[in-house]
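Biologist: I'm new to this one. Could you show me how to read its sheets, helices and packing?

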Amino acid sequence: MSQLIVGLHAGYHDSSAVVFEDYTFKAAVQLERLTRIKGDASKFPYDCIEEVLSIVGAKHSDVGAVAISRMYFPNEVFKRRWWWRANRAYIRRKTVRGLATEIRTSRARAPEEVIDSRKALQFVRLPEAQAIHFYDHHEAHALPALFYTDWDCALLVTADGAGDNISYSHRHFKDGKLHIVYGGEDTWHTRLPPGGMAHLYQAVTGALGFRENRHEGKITGLAAFGRPVLYDEIVSHFWVDDEGLIRSKFPRTKTLFNYIRRVAPQVKREDAAASVQKVVEDLMLTSARRLLERYPARKLGLAGGLFANVKLNQLLAEKLPIDEIFVFPPMGDEGLPVGGVLAYLLRRDGMVQWLKERRRLENVYLGRDYDSEIDGALRATPGVRQVKTVLPAEEAARRIAAGEIGAIYTGRMEYGPRALGARSILASPQNRETHEKLNERLDRTEFMPFAPVVAAEHAAEIFEISNVNSYACRFMTIACKVREPWRNRIPAVVHVDGTARPQVVTRELNPLYYDILAVHGRLTGVPVLVNTSFNVHEEPIVNAPAECVQALIDGRIDFLVTRQAIYECDTDTDAIAKRTLRVRADGNQLSSIHRSKIKIGVGIGESERYPLSGESRRRPLRHPHEAGRARSQHGP
Ligand SMILES: [Fe+2]
């Protein structure tokens, strides 16, 4: 085994770990998938390190290098510098301190000036590693958007709430060189300039009663139902400078949040959402246009939490003079460890070697594979029975065509926010009612239709997919128009504005997933299925068999398909009564599922503000060490 490199992110949200064998991406997992707390960052992701090393069958001693975000470390890991002596009272109040903040306040030129690398390796429990790299937040967002391409000239744009003191970065790749236009080390010591579009989006999410850093996608869905009546008002506070950077008149980020909290409730929530969506789209488009004028390129690479916005990505793909767009699929902070490892490799090997190692991303099936355990767990569960069939894909497709809701559980779990056929719920796209049915069964409130999955050979016939957006469509990171003749045939996946966010699949990618799709196409003439995350209200995507079994016995789905078989629950009431909410599926006791009935938000068309449930008021989860940390330290 070549040298293993572990990448880590332990920040404000989406803690995660990855492992690479040299340049080969071997495994990844987000803390939320292990703790079952969405976006979890409440503890250092030691469990994620154990998980990724276990997945690849490695020991701690196999790890040669670690790449880690400039996160919070215990006091004793820091070097004592003059700044410490001058601020003893401040230091005594803290048990942990943020590396990025420490670099800024002590005006260090490199992380190693303020932190002891050997002690940091001991803290992450990988003391035998030879090297540790404290990666730059926005560089770590940007590098995967270039590495997983074969482009020779490109513009790379990152945008998030904030990371390492900035909300954007712009890089131009040309002639084998990566030029930092904005967002390099020179920004370490500057004050965070307000103007982040992700902060604007986060602010309206909270102002409309949703949970910030969690429900931004609901705003994107709501926006299509409204009119941008506040557009002129909001956009007047921002401008794009000559270098393509979005600026604002707000003196502080907090002022921006207060402003949005004041103006958004003055109009219908759909209109507030539409206004902010249009502001974000117009400013980002203007910024990208200006950058492309100064730094010409025909390829656009995107990463950072703002680019979870599939409508924004669609607009950039359609309006900019580009030949291809790529959004790194784990575009949020869960994707940082990947970029961190790539940043370490870039410094270790130099740009020439790094560029030679580039490759297209085949898939994001990087979690644990439970195929050898899932069928045993299902068969051992009281009340679950195996359906008699020799062709699971055929039976699954037949049931979906008949209106049942199923789930697929196959192979390695997805990495990133989207379920892409390893842990997906599948349904018919032919009935408009499927949307409400799924929301009800899964305890969700989604305004955007669930996404479609389509076989590659039918993709361009049904959706407006071209060379520009096809790579992004493999990972469901971009919306596109549904062709007119198909809009009425697949109403469950078409938004009110005639768009959808398809996933394009091949048989090579996921044979079971593809076969269900193909048989459904043969049976109904519609080679499209609804694909939504296999999870329920506010929970992360299913990972281990226990969670999968629980969803089935809770009646969230009508059936479950694995590589080997199809399973369903008995309808016999005695059997149902015997079921406990505590199942033993993979050797672990699973605690009682939390079937929250709290509804966040109300139906489309109602103009009152969202009922602010206790849950939606709750502050985002924080690392216990982060109690005194400013909210804007890291964005979505
Ligand atoms: Fe970020």
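What follows is a walk through the sheets, the packed helices and the core.

Biologist: Before we start, what kind of model is this, and how are residues numbered?

Modeller: This is a predicted model, where local features need pLDDT of at least 70 and side-chain atom pairs count only at pLDDT 80 or more, while totals for chains, interfaces and linings use all residues. Residues are numbered from 1 along each chain as its sequence is written.

Biologist: Okay, sheets. In what order do the strands of the 5-strand open sheet lie?

Modeller: General idea to begin with: strands of a sheet pair through backbone hydrogen bonds, either parallel or antiparallel. Here, strands are DSSP runs of E, at least two residues long, and helices are runs of H or I, at least four, numbered from the N terminus. Two strands pair if DSSP finds at least two bridges between them. In this open sheet the order is β3-β2-β1-β4-β7, with mixed pairing. At the edges sit β3 (24-30) and β7 (131-135), each pairing on one side only. From one strand to the next, the twist averages 15°.

Biologist: How many bridges join β4 to β7?

Modeller: There are 5 bridges, and β4 (residues 63-69) and β7 run parallel. Ala67, for instance, has His133 in β7 as its bridge partner.

Biologist: Which strands does helix α2 lie across?

Modeller: Angles like these run from 0 to 180 degrees between N-to-C directions, using axes fitted as lines to C-alpha atoms (for helices, over the stretch in contact). Helix α2 (residues 46-55) lies across β1 (4-9), β2 (16-21) and β3, at about 30° to β2. Just after α2, Gly57 has a positive phi of about 70°.

Biologist: And which residues of α2 are buried?

Modeller: A residue is buried if 20 or more other C-beta atoms lie within 10 Å of its own, exposed if 12 or fewer, and partly exposed in between, with C-beta atoms placed from the backbone. In α2 the buried ones are Cys48, Ile49, Glu51, Val52 and Leu53. They pack against β1, β2, β3, α1 (31-35) and β15 (365-369). For residues, contact means that their C-beta atoms, placed from the backbone, lie within 7 Å.

Biologist: What about the core: which residues touch the most other members?

Modeller: A nonpolar core is a set of buried Ala, Val, Leu, Ile, Met, Phe, Trp, Tyr and Cys residues joined through C-beta atoms within 7 Å. The largest one here has 202 residues, and Val66 and Val204 touch the most other members. Helix α12 (residues 269-294) gives the largest share, 10 residues. Leaving aside neighbours within four places in sequence, Val204 is in contact with Ile219, Ile260, Ala264, Ala272, Ala273 and Val276.

Biologist: How do α9 and α12 cross?

Modeller: The axes of α9 (residues 216-223) and α12 come within 8 Å and cross at roughly 100°. These two helices are therefore roughly perpendicular. As for the labels, angles under 35 degrees count as roughly parallel, over 145 as roughly antiparallel, 65 to 115 as roughly perpendicular and the rest as oblique. From α9, Ile219, Thr220, Leu222 and Ala223 meet residues of α12 including Arg269, Ala273 and Val276. The contact divides into 6 nonpolar, 2 polar and 2 charged residues. In that tally Ala, Val, Leu, Ile, Met, Phe, Trp, Tyr, Cys and Pro count as nonpolar, Asp, Glu, Lys and Arg as charged, and the others, Gly among them, as polar.

Biologist: Is strand β13 mostly covered or exposed?

Modeller: In a regular strand the side chains alternate between the two faces of the sheet. Strand β13 (residues 299-303) is mostly covered, with 5 of its 5 residues buried. Lys299, Gly301 and Ala303 point one way, and Leu300 and Leu302 the other way. Strand β8 (residues 153-163) runs parallel to β13 over 4 bridges, with Leu155 opposite Leu300. Strand β14 (residues 324-327) is also joined to β13 by 4 bridges, in parallel, and there Leu300 stands opposite Ile325.

Biologist: One more: at what angle do α7 and α14 pack?

Modeller: Helix α7 (residues 137-147) and helix α14 (residues 336-349) pack at about 85°, with axes 7 Å apart. That makes the pair α7 and α14 roughly perpendicular. Their contact divides into 10 nonpolar, 4 polar and 1 charged.

How values were computed:
Contact = placed C-beta atoms within 7 Å.
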